[in-house]
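Please open the model in a viewer and keep the sequence at hand.

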Amino acid sequence: MHPSLQSFRPFALGLLLTAIPAAGHDFWIEPASLAPAPGAQVAIRLRVGEHFVGDPVPRDPERIERFSIIGPNGEKPVPGVRGGEPAGFATLGPAGVYQIVYDSNRASVSLDPQKFADYLRLEGLESILDLRQKRKLSEVPSREVYSRCVKALLGVGGTAGTGFDQPVGMELELIAEKNPLETEPGEETPFRLLYRGKPLAGALVVALPHSQPDAGELKVRTDSQGRARFKLPAGPAGGEIWLIKAVHMIAAPPDAKDADWESFWASLVFRAAR
């Protein structure tokens, strides 16, 4: 296991729930290794928390829309058992860059007006604050459905193999347009944010380094082409682990019963070259 992965810190979920809105947690994929050998079997954990401090999420088949690994040999489901932790296990093929993909279906949450407003500001969703005011909803509890659209990149057998990040058809998707596993520190790395396959402009994209997630947080808004460009600094020996994340919210469609808003939470985890 990569040494920086060993330092993921456990944290009581009850404390997290009192500190931040339930729907506002970061959600990410945590493989046992981000640089496994060809042919290896890798445990895949799901994590929910804040700033790389999180709790494991056991496998829940009722929430999974898609949980798979995509590599040189195509796409395969990530198998696992109901309630299992890790949530699944992936068996790798030849060298190359692999994507682990997890899509959830909808869950619901309600927050009091002030907590909902704080969460919208934190995630850069000020336009929803304005819309709430226009709809005279600012003083009533929120009614929201949300889903997760998360990925992780594995450099199998090193990072010089075939391929890297490609669009895989998620509702909200972060895509590294340059191979971040090979990018030198300080070199610009563009990420593209797609909503239902089209570039999403003006969205807040946040980059968190595992070694210092609070002090090292980077933020950027996407341009008209949905691109957020970061110059990721050097990390500890062995390479920094990064969590790139974004949230998008819309007025709830008619099929989202008993909800005023629908949100989509995207994240991308990878280990930079150094």
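Which residues are linked with R106 in a network of salt bridges? Select D255 and E262 together with R106: the three are linked in such a network. Please note that the model is a predicted one.

Next, display the whole chain as a cartoon, where 3 helices and 17 strands can be traced. Of its 274 residues, 53% are buried.

Now select L172, L174, L193, V205, I244, L268 and F270, which have the most contacts inside the largest nonpolar core, a set of 30 residues. Among the strands that each supply at least two residues of this core are strand 10 (172–176), strand 11 (188–195) and strand 17 (261–271). A second, separate core has 29 residues, including V42, V48, A87 and V150.

Centre the view on L193. Beyond its neighbours within four places in sequence, L193 is in contact with residues including L172, L174, V205 and A246.

Select E62 and R82, whose closest N and O atoms are 2.7 Å apart. E62 lies in the loop between strand 3 (53–56) and strand 4 (64–71) and R82 in the loop between strand 5 (74–77) and strand 6 (88–91), so this pair ties together parts 20 residues apart in sequence. R82 is exposed, at 60% relative accessible area, while E62 is partly exposed at 48%.

Finally, select K151 and E173, which form a salt bridge with an N to O distance of 3.1 Å. The pair links strand 9 to strand 10 across 22 residues, and both K151 and E173 are buried.

Terms used: Residues are numbered from 1 along each chain as its sequence is written. This is a predicted model: local features need pLDDT of at least 70, side-chain atom pairs count only at pLDDT 80 or more; totals for chains, interfaces and linings use all residues. Side-chain values use heavy atoms; hydrogens and water are left out. Helices (H or I, at least four residues) and strands (E, at least two) are DSSP runs, numbered from the N terminus. Buried means under 20% relative accessible area, exposed over 50%, partly exposed in between (1.4 Å probe, protein chains only). A nonpolar core is a set of buried Ala, Val, Leu, Ile, Met, Phe, Trp, Tyr and Cys residues joined through side-chain atoms within 4.5 Å. Contact means heavy atoms within 4.5 Å. A salt bridge is a side-chain nitrogen of Lys or Arg within 4 Å of a carboxyl oxygen of Asp or Glu.
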